Amino acid sequence: QVQLVESGGGLVQPGGSLRLSCAASGSIFSIYAMGWYRQAPGKQRELVAAISSGGSTNYADSVKDRFTISRDNAKNTGYLQMNSLKPEDTALYYCNADLRRTNSGYRYNYWGQGTQVTVSS
């Protein structure tokens with residue numbers, strides 16, 4: 001059993017900042033990639049940022065230079081620091097992890113339940 005739990009969402013004014021966290025728990029042997037996705041009403045879910053086990057990162061063009069993804073491997077936790085937030089960043093943000101479970105040689109993919117980010121004055 002593996003769970004991903006996001007936290008840190010909320011209401012923020014344009015130009016403000018938020019830091020999202022994604023805590024993975026359960027029978028985890030190792031986490032390969034972690035990513036943050038978002039889905040706004042009426043739109044498809046899109047990749048915001050991803051980070052590999054080695055720390056390589058990639059970002060959507062819309063968030064480059066504003067968002068920073070990071071991870072703490074010892075805590076099985078990922079983070080998304082969001083600065084200079086814009087109204088168009090409003091969405092439900094989901095954490096995703098590609099991982100190997102304890103006592104299994106297989107790779108599994110998990111999603112969190114999502115955390116709402118609303119950017120509005």
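Tyr 110 is buried, at 17% relative accessibility (buried means under 20% relative accessible area, exposed over 50% and partly exposed in between, with a 1.4 Å probe and protein chains only). The model is predicted: local features need pLDDT of at least 70, side-chain atom pairs count only at pLDDT 80 or more, and totals for chains, interfaces and linings use all residues. Residues are numbered from 1 along each chain as its sequence is written, and side-chain values use heavy atoms, with hydrogens and water left out.

**Asn 96**
- Asn 96 is buried, with a relative accessible area of 8%.
- Its side chain reaches the backbone oxygen of Tyr 110 at 3.2 Å.
- The side chains of Asn 96 and Asn 109 are joined by a polar contact of 2.7 Å (a pair of N or O atoms within 3.5 Å; within protein, one must be able to donate a hydrogen and the other to accept it, and residues adjacent in sequence count only if both atoms are side-chain atoms).

**Aromatic pairs**
- Rings of Phe, Tyr and Trp (its six-membered ring) pair if their centres lie within 6.5 Å, with planes under 30 degrees apart counted as stacked, over 60 as edge-to-face and the rest as tilted; the count comes to three aromatic pairs.
- Tyr 94 and Trp 111 form an edge-to-face pair, with ring centres 6.4 Å apart and planes at 85°.
- Tyr 94 is buried at 11% relative accessibility, whereas Trp 111 is partly exposed at 38%.
- Tyr 108 and Tyr 110 form a tilted pair, 6.5 Å centre to centre with 40° between the planes.
- Tyr 108 is partly exposed, at 27% relative accessibility.
- Ring pairs link Tyr 37, Tyr 94 and Trp 111 into a cluster.
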